[in-house]
Amino acid sequence: MLRKRQPKGRATSEQAGDPAAALAAAVTLLARREFCSIELGAKLAANGFEPGSVRAALAELIERRYLDDERYARLFVLNHAERGQGPVRIRRDLAELGLPAALIEPQLDSFGDWAALARKVLTRRFGAAAPDSWPEKARRMRFLQYRGFGNDHIRAALGADAGDLEMGLEAGVDMDAGGPTDADD
């Protein structure tokens, strides 16, 4: 008779209440990549460990400095900035993981020049040539906004042309036509 095997990483009924088993599973997960404490706790709970075992394992990992939310936030910011993501998107992603703003903001502030990163991302995507039309400027602004850059970073990346674009929008410039709207004539 064939026996059904326990899914890999899933706690057996004997292991579910054992803090040592939860600790071993957590160390195995941390060997693969960094986790924040909330994310690791959720992963352990999803693997069938009881809440008391999960709390005990997390406390032990924090005490041993294997688990550090501040370090996680710092590495997350650096890794995602290297991918060309801006502070707005990174802040949102970290908040979705459950990290408090008190941990997120200092890491974002310590990164450096977000406007320079926005320029680098823009140049990598569109080249060094300045946009030659209103629709092209709007396209580049939307791209940077999607990547998670704020309005100040977008303006700095596009240079003086971005200010002209905002003034054009306020004056009723039709982005598709590249000039003033008929309502202004």
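Buried here means under 20% relative accessible area, exposed over 50%, and partly exposed in between, using a 1.4 Å probe and protein chains only. This is a predicted model, so local features need pLDDT of at least 70 and side-chain atom pairs count only at pLDDT 80 or more, while totals for chains, interfaces and linings use all residues. Residues are numbered from 1 along each chain as its sequence is written, and side-chain values use heavy atoms, with hydrogens and water left out.

**View A. Y72 and F76 pair up in helix α4.** F76 is buried, with 11% relative accessible area, and Y72 is buried too, at 6%. Both sit in α4 (residues 69-82), four residues apart, or about one turn of the helix; helices are DSSP runs of H or I, at least four residues, numbered from the N terminus. (Phe, Tyr and Trp rings, six-membered for Trp, pair if their centres lie within 6.5 Å; planes under 30 degrees apart are stacked, over 60 edge-to-face, the rest tilted.)

**View B. Two arginines over rings.** The charged end of R33 sits 4.0 Å from the ring centre of F35, and R89 lies over the face of Y146 at 5.3 Å. (The call needs NZ of Lys or CZ of Arg within 6 Å of the ring centre and within 35 degrees of the ring normal.)

**View C. Q85 in the loop between α4 and α5 (87-96).** Q85 counts as buried because its relative accessibility is 9%. Leaving aside neighbours within four places in sequence, its contacts (heavy atoms within 4.5 Å) include W114, R147 and F149.

Key:
Helices (H or I, at least four residues) and strands (E, at least two) are DSSP runs, numbered from the N terminus.
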